[in-house]
Amino acid sequence: MNKNKYTLNYQPIEWRDHKVRFLDQTLLPHEETYIETADYMEIATAIKELKVRGAPLIGVAGAYGMALGARQIYARSRAEMLRKLHDIASILKITRPTARNLFWAIERMEKVAKAGKSIEGIIIDLENEAVTIHREEAEATYRLSEYGAGLLPNSATILTHCNTGPLAATGLGTALGVIIYAHRQGKSIKVYADETRPLLQGARLTTWELQKAGIPVTLITDSMAGHFLHQGNIDYVIVGADRIALNGDTANKIGTYSLAVLAKENNVPFYVAAPSSTFDANIKSGEEIIVEIRNAHEVTEIGGVSIVPYGITAVSPAFDVTPAKYITAFITEKGIIKPPFGDLTA
Ligand code: MRU
């Protein structure tokens, strides 16, 4: 598929004249509001508040945050510039701990900064590097989507979780990229989308993106997935990932582990689609993955409205870790692969 054949009429993030313009995903699907900023702190807040979300997208946003931050620094020397940039990197990194892509992108930006010869040179190099990271991440999604689509027959029903489309990854997306690519190839693809409690990325964002792409989608609650897998309605489960260890253990949106176990029990292939930037060569297994714990209000409220009696406690882990044994294979821009992995980003 020629990538130009699939043109989006929305852009999750853009670099425009030394500013970042991003779509506020917390307002979707009812409002399409873009925010423009030249302030890296606004990018940090947007990542924390999930205005910008999805592992590859927060990597791109983190890179742009570094580029903006470099312009905001007042420094009398190159060394002072690098020190202040390191502080900005730390602020951007603590926004969300689980997605490898954020750390990967910021580490790449810091490396470029250290190689810069002057303050002005560093500012320009960082802008160029952020734009390059964005372009390369988008290109990676087209390649992995093509590999993934190659696994699918002419007709298939796919269950997916959370949101993994262009909104989450730029380009075509990861798991949703595979689906969109196969659909564009003319395959008859039907999708079951989990609503993905607590923040409903499936209900709010995946249905929105699939509707725009013209792909038939049926929304189900997370707790219905086992029923449909058992009934034989689902041919494949395809999800994205936030961090993948060397042994293939995979962190993804909370609820992924239950889906993987249910898929195995029902002999349904379970694929993880992710670019190289999600693979973490520093960790041997999922035991080393830090799972972000978010505010309990995300569980006790829906759309800001309380759904529980006053005083009820709740807990909100944003991700879970699926052991590699439940994953059929990994769909990447380098092909369909299985663990153990080396350093895919080297
Ligand atoms: O908390 P979110 O919305 O950032 O979580 C997103 C996911 O878990 C996605 O499934 C993951 O980032 C892979 S997507 C491209």
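A salt bridge here is a side-chain nitrogen of Lys or Arg within 4 Å of a carboxyl oxygen of Asp or Glu. Keep that cut-off in mind, because the pair I start with, R100 and D280, comes out at 4.0 Å, N to O. The model is a predicted one, and everything I say today is computed from it.

Now the interface. How much area do domain 1 and domain 2 bury between them? The figure is about 3200 Å², with 57% of it on carbon and sulfur atoms. In terms of residues, 36 from domain 1 are in contact with 41 from domain 2. Three salt bridges cross the interface of domain 1 and domain 2. Counting polar contacts between the two domains gives 17 residue pairs, both partners at pLDDT 80 or more. Which elements give two or more residues to the side of domain 1 that touches domain 2? They are α2 (55–72), α4 (100–115) and α5 (119–149). Of that side, α5 supplies the largest share, six residues. By residue class, the side of domain 1 that touches domain 2 has 20 nonpolar, nine polar and seven charged residues.

Next, the salt bridges around R100 and D280. R100 pairs with D280 at 4.0 Å, as I said. The side chain of R100 also meets E107 in a salt bridge, this one at 3.1 Å, N to O.

R243 and D280 are both buried.

For the whole model, the rule counts 16 salt bridges. One of them is between E127 and R71, with the closest N and O atoms 2.5 Å apart. It too links distant parts of the chain, from E127 in helix α5 to R71 in helix α2, 56 residues apart. E127 has a relative accessible area of 9%, which means it is buried. R71 is at 39%, so it counts as partly exposed.

There is also a network. Which residues are linked in it? R96, E292, R294 and E298 are joined by salt bridges.

Where is Q25 placed? It lies in the loop between β2 (19–23) and β3 (34–37). Its relative accessibility is 1%, so Q25 counts as buried. Leaving out residues up to four places away in sequence, Q25 touches P12, L50, K51, R53, L57, L167, R204 and L205.

Key: Residues are numbered from 1 along each chain as its sequence is written. This is a predicted model: local features need pLDDT of at least 70, side-chain atom pairs count only at pLDDT 80 or more; totals for chains, interfaces and linings use all residues. Side-chain values use heavy atoms; hydrogens and water are left out. Contact means heavy atoms within 4.5 Å. Buried area is the accessible area (1.4 Å probe) that two parts lose on being put together, summed over both. A polar contact is a pair of N or O atoms within 3.5 Å; within protein, one must be able to donate a hydrogen and the other to accept it, and residues adjacent in sequence count only if both atoms are side-chain atoms. Helices (H or I, at least four residues) and strands (E, at least two) are DSSP runs, numbered from the N terminus. Ala, Val, Leu, Ile, Met, Phe, Trp, Tyr, Cys and Pro count as nonpolar, Asp, Glu, Lys and Arg as charged, and the others, Gly among them, as polar. Buried means under 20% relative accessible area, exposed over 50%, partly exposed in between (1.4 Å probe, protein chains only).
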